[in-house]
Amino acid sequence: MIMFNCAECQNQECQTRNKESLNPACPMLDKEIFEEIKQAYHTEEIQSFYANSLKSMRGSFGRWTRIKEIMEFCKYNGFTKIGLAYCSGMLREGRLANEILRQNGFIVVAAGCKVGGFAPDELCESYEAPTAAQIPPNTPKQDIPRKNRAICDPIGQAIMLNKEKTEFNILVGLCVGHDSLFLKYSDAPCSVLVAKDRLLNNNPVAALYCHEEKNNNL
Ligand code: SF4
């Protein structure tokens with residue numbers, strides 16, 4: 001089978017459920033696998049979780065912020081104990097998210113990324129501290145490595161929240177790769193509140209729009 005790439009498909013037939021004139025690489029040509037995929041939705045647990053996601057998605061359109069959407073989704077699912085996995089370089093944002101969740105009646109267990117207080121070489125055998133020349137001049141103060149600084153511990157964050165049996169976990173600014181490890185080890189389902197992008201004021205989509213703008217002006 002040819003490798004598919006929906007982002008490069010000009011027809012987008014799936015969006016109108018047209019399964020007749022598909023391009024030769026369209027994954028929908030494999031009907032069997034989509035039968036299996038359909039089954040995956042039809043367990044009691046997934047049905048209600050998925051229906052609630054559709055409900056909060058509809059409610060949010062142009063009306064709710066992301067944090068409101070997350071909270072409404074948690075309420076629809078009856079989740080009361082929420083895990084917050086935040087980047088310690090975004091302690092301010094972690095604290096604000098904690099406060100908002102608590103003020104909205106949730107029980108919050110928050111784990112910062114330095115949980116465990118590990119030295120870098122305890123978790124990463126090949127770790128090398130950055131030299132002064134490798135640190136860009138506009139690096140926020142909280143991101144500048146300092147003496148005795150602990151290393152990020154996303155597996156520890158996930159395991160500590162698992163231990164507390166949180167029902168839903170929210171990610172605030174975990175770095176790329178750390179977020180992957182957290183998601184891999186988290187027992188509870190997760191959603192991302194903040195995707196950190198230090199250069200773009202935590203608005204990573206701006207880079208995509210800039211790329212589009214650059215292409216439009218060529
Ligand atoms: S599923 Fe098929 S029709 Fe839909 S975007 Fe992907 S390649 Fe195109």
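User: Where does Arg 95 lie?
Analyst: Arg 95 lies in helix α4, which covers residues 91–103. Keep in mind that this is a predicted model.

User: Is Arg 95 buried, exposed or partly exposed, and why?
Analyst: Arg 95 is partly exposed, because 14 other C-beta atoms lie within 10 Å. A residue needs 20 or more to be buried and 12 or fewer to be exposed.

User: How far apart are Arg 95 and Asn 23?
Analyst: The two are 72 residues apart in sequence, and their C-alpha atoms are 49 Å apart in space.

User: Ok, the ligand. Which residues are around it?
Analyst: Asn 23 is one of them.

User: Back up a bit. What secondary structure does the chain have?
Analyst: There are 8 helices and 4 strands. Starting at the N terminus, the order is α-α-α-β-α-β-α-α-β-α-β-α.

User: And what part of the chain counts as buried?
Analyst: 19% of the 218 residues.

User: What about the largest nonpolar core?
Analyst: That core has 28 residues, and those with the most contacts inside it are Cys 74, Ile 82, Leu 84, Ala 85, Tyr 86, Ile 170 and Val 172. Two or more residues each come from α3 (66–77), β1, α4, β2, α6 and β3.

User: What is Ala 85 in contact with, beyond its neighbours within four places in sequence?
Analyst: Its contacts include Val 172, along with Ala 111, Asn 169, Leu 171 and Phe 182. Gln 157 and Leu 161 are also in contact with Ala 85, and both of these are buried residues of helix α6.

User: What else is buried in α6?
Analyst: Pro 154, Gly 156 and Ala 158 are buried in that helix, which spans residues 154–163. Among the elements covering the buried residues of α6 are β1 (81–86), β2 (107–112), β3 and α7. Just after the helix, Lys 165 has a positive phi of about 55°.

User: You mentioned Val 172. What is its bridge partner in β4?
Analyst: Val 194. Strand β3 (residues 168–172) and strand β4 (residues 190–194) run parallel and are joined by 4 bridges.

User: Which helix goes with those two strands in the β-α-β unit?
Analyst: Helix α7, residues 178–185; β3, α7 and β4 make a right-handed unit.

Note on methods
Residues are numbered from 1 along each chain as its sequence is written. This is a predicted model: local features need pLDDT of at least 70, side-chain atom pairs count only at pLDDT 80 or more; totals for chains, interfaces and linings use all residues. A residue is near a molecule or strand if its C-beta atom, placed from the backbone, lies within 6 Å of it. Two strands pair if DSSP finds at least two bridges between them. A crossover is right-handed if, with the strands pointing away from the viewer, the path from the first strand over the helix to the second runs clockwise. Two residues are in contact if their C-beta atoms, placed from the backbone, lie within 7 Å. A nonpolar core is a set of buried Ala, Val, Leu, Ile, Met, Phe, Trp, Tyr and Cys residues joined through C-beta atoms within 7 Å.
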